[in-house]
Amino acid sequence: MKKVVWMLRWASLRPSLSGDEWYRRTLVVPIPFGSTVGDDGDRDWPALVIAVAPWWACREALRRDYREYVRWERDRTVAQYAVIDDDVAWNLVYDAFERTRPPEPASL
């Protein structure tokens, strides 16, 4: 089962709509205390991330090019994970999918 709520470090103190690797819409709610400063000088806050909609419930899913790109990327990922221990096969799968890459939608 995929997570619907998780924590992460966020670079802003303002709430934000975002997305995750499964193309779900997420709401990021930073916690206003407990910030840390990294080696690069950037300040991060702990944040609660809530998946608020699956990818197919977002506005962009109405567009055909968006759906085709998501389908292509998911198929590529599944095929690559099937051969993850074999570098030669992984590269062959990657090259085969790159030849069929659809145009990337402007919203991604």
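Follow the chain along its sequence and the order reads β-β-β-β-β-α-α.

Before clicking further, note that this is a predicted model, with local features needing pLDDT of at least 70, side-chain atom pairs counting only at pLDDT 80 or more, and totals for chains, interfaces and linings using all residues. Residues are numbered from 1 along each chain as its sequence is written, and side-chain values use heavy atoms, with hydrogens and water left out.

Of the 108 residues, 27% are buried, meaning under 20% relative accessible area, with exposed being over 50% and partly exposed in between. As for contacts (heavy atoms within 4.5 Å), residues 24 or more positions apart supply 50% of those with a separation of 6 or more.

Next, select residues 64–82 and 87–99, which are helix 1 and helix 2. Their packing angle is about 165 degrees and their axes lie 9 Å apart. The axes are lines fitted to C-alpha atoms over the stretch in contact, and angles run from 0 to 180 degrees between N-to-C directions. The two helices are therefore roughly antiparallel, a label for angles over 145 degrees. The crossing is right-handed, i.e. the near helix is turned clockwise from the far one by less than a right angle.

Show side chains at this contact. From helix 1 you get W72, D75, R76, A79 and Q80, and they meet W90, V93, Y94, F97 and E98 of helix 2. That set splits into six nonpolar, one polar and three charged residues; Ala, Val, Leu, Ile, Met, Phe, Trp, Tyr, Cys and Pro count as nonpolar, Asp, Glu, Lys and Arg as charged, and the others, Gly among them, as polar.

Zoom in on Q80 in helix 1. Is Q80 buried or exposed? Its relative accessibility is 9%, so Q80 counts as buried. Beyond neighbours within four places in sequence, Q80 touches W90, V93 and Y94.

Last stop: R25, in strand 3 (residues 25–30). R25 has 26% relative accessibility, so it counts as partly exposed.

Technical notes
Helix = DSSP H or I, 4+ residues; strand = E, 2+ residues; numbered from the N terminus. Parallel < 35°, antiparallel > 145°, perpendicular 65-115°, else oblique. Buried < 20%, exposed > 50% of the residue type's maximum accessible area, 1.4 Å probe, protein only.
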